[in-house]
Amino acid sequence: MNRLTVAFVLAAAGGLAGTASAAPIQINGAGATFPNPIYSKWFSEYNKIHPNVQINYQSIGSGGGIRQLTNQTVFFGATDGPMTSEQFLAAPGKVLHFPTVLGGVVPVYNIPGVDAELKFSGPVLADIFLGKITKWNDPAIAKENPGVSLPSSEVTVVHRADGSGTSYIWCDYLSKVSPEYKKTVGVATAVNWPVGLGGKGNEGVAGLVQQTPGSIGYVELIYAIQNKIAFGSVKNSAGDFVKASVESVTAAATVAASVMPADFRVSITNAPGKDVYPISSFTWLLLYENPKDKAKSRIMVDFMKWALTEGQKFCADLGYAPLPEKVVQLEMEALKKVKIK
């Protein structure tokens, strides 16, 4: 254990020592599908420590999570795309962003007869999702994959149908590498897609790609791994093709940790570095700074302290990268802003 973890464990022992015998409390949250596997694991593990605390989470997409938090139908939200100024103004109170883990969004594909791991540059991915590249044997794809026998079949684009932080990350990256994509599609949790089929959640996109020969989509890394879907490496800003992994996503986070803004709303797509996977991002849990229910607030602050320390050890097995220590330290200070009395 590092000093930060030890300090938290000692504090938690006194802070929530009596919760095991306390009345049951249920806390509801909703939002991003991107972190759902790790959140499900965390809520289960936290319940083992505090059996009277049941944290429920609806994996409905970042847009839905922000909407439900704003309407106060849930106590906390979750998003992979930071709230916009308009969304902040629409909320009935100040909302704080807390990074929880890091992940990578990967291009997944289903091309019968192609077993090779494909390589994609950002501009080629942008042109595919703009509908400009329509055949798998297009010269632009073939150039990046010498020696691979690509079919002449049609490319079927699969994207999210719901408001999605995963889409935000994908579009954020493509907008950085393609001026036309930035102008035509832009960056948001929900955009007007030029082409393609829509799937709900990372689960829906993964399912559609699996069911549709000739398709390409984008999902959070864990969904590609769990569903055994082929996913490609992506060319980073240093000019290297890098496959998403805990290590390559961590490399992107290391850069961000040195320039983290006070509100934690930062983009780390297309980060510099030879070993960096370029479509990497934090995902955030959203809490009101001054919620009405202070009992639930105390529990969520305690949960966040546990997740930021002990909870990080569950990341790697689920395909996520743990937070840099510096970010954890900054968040521990920021959690003091949440009113618990």
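Visitor: Why is Cys171 called buried?
Guide: Its relative accessible area is 0%. Buried means under 20% relative accessible area, exposed means over 50%, and partly exposed lies in between (1.4 Å probe, protein chains only). So Cys171 counts as buried. Cys315, at 0% relative accessibility, gets the label buried too.

Visitor: What kind of model is this, and how are residues numbered?
Guide: This is a predicted model, where local features need pLDDT of at least 70, side-chain atom pairs count only at pLDDT 80 or more, and totals for chains, interfaces and linings use all residues. Residues are numbered from 1 along each chain as its sequence is written, and side-chain values use heavy atoms, with hydrogens and water left out.

Visitor: How many disulfides does the structure hold?
Guide: The count is 0. A disulfide here needs a pair of cysteine sulfur atoms within 2.5 Å. In general, such a link is a covalent bond between the sulfur atoms of two cysteines.

Visitor: What makes the contact of Lys243 and Glu117 a salt bridge?
Guide: The N to O distance is 2.9 Å. The rule asks for a side-chain nitrogen of Lys or Arg within 4 Å of a carboxyl oxygen of Asp or Glu. The pair therefore qualifies. Lys243 sits in the loop between strand 10 (241–242) and helix 11 (246–257), and Glu117 in the loop between strand 4 (95–110) and strand 5 (119–120), so the bridge ties together parts 126 residues apart in sequence. Helices (H or I, at least four residues) and strands (E, at least two) are DSSP runs, numbered from the N terminus. Over the whole structure, a search finds 13 salt bridges.

Visitor: Why are Lys243 and Glu117 called partly exposed?
Guide: Lys243 has a relative accessible area of 32%. Glu117 has 39% relative accessibility.

Visitor: Why does the pair Asp172 and Lys176 count as a salt bridge?
Guide: The closest N and O atoms are 3.8 Å apart, so the pair falls within the limit. Both residues lie in helix 7 (residues 165–177), 4 residues apart, about one turn of the helix. Asp172 is buried at 10%, whereas Lys176 is partly exposed at 40%. Elsewhere, salt bridges that share partners join Lys41, Glu45 and Lys48 into one network.

Visitor: In what order do the strands of the open sheet run?
Guide: The 8 strands follow the order 2-1-3-11-4-8-6-7, with mixed pairing. Strand 2 (53–59) and strand 7 (197–199) each have a single partner strand, so they stand at the edges, with one side of each left without a neighbour in the sheet. The twist averages 25° from one strand to the next.

Visitor: What makes strand 3 and strand 11 a pair?
Guide: Strand 3 (residues 76–79) and strand 11 (residues 280–288) share 3 bridges, in the antiparallel sense. Pairing requires DSSP to find at least two bridges between two strands, so this pair passes. Thr79 has Trp284 in strand 11 as its bridge partner.

Visitor: Which strands does helix 2 touch?
Guide: Helix 2 (residues 36–49) packs on the sheet and touches strand 2, strand 3, strand 4 and strand 11. Contact means heavy atoms within 4.5 Å. The direction of helix 2 makes about 170° with that of strand 2. Axes are lines fitted to C-alpha atoms, for helices over the stretch in contact, and angles run from 0 to 180 degrees between N-to-C directions.

Visitor: Why is the ring pair of Tyr39 and Phe43 called tilted?
Guide: The count comes to 19 aromatic pairs. In this one, the ring centres are 6.0 Å apart and the planes stand at 50°. Rings of Phe, Tyr and Trp (its six-membered ring) pair if their centres lie within 6.5 Å; planes under 30 degrees apart are stacked, over 60 edge-to-face, and the rest tilted. So the pair is tilted. Tyr39 and Phe43 both lie in helix 2, 4 residues apart, about one turn of the helix.

Visitor: What makes the rings of Phe43 and Tyr57 a tilted pair?
Guide: Their centres are 6.3 Å apart and their planes stand at 55°, so the pair is tilted. It links distant parts of the chain: Phe43 in helix 2 and Tyr57 in strand 2, 14 residues apart. Phe43 is buried at 7%, and Tyr57 is buried at 15%. Both belong to one aromatic cluster, whose members include Trp42, Phe76 and Trp306.
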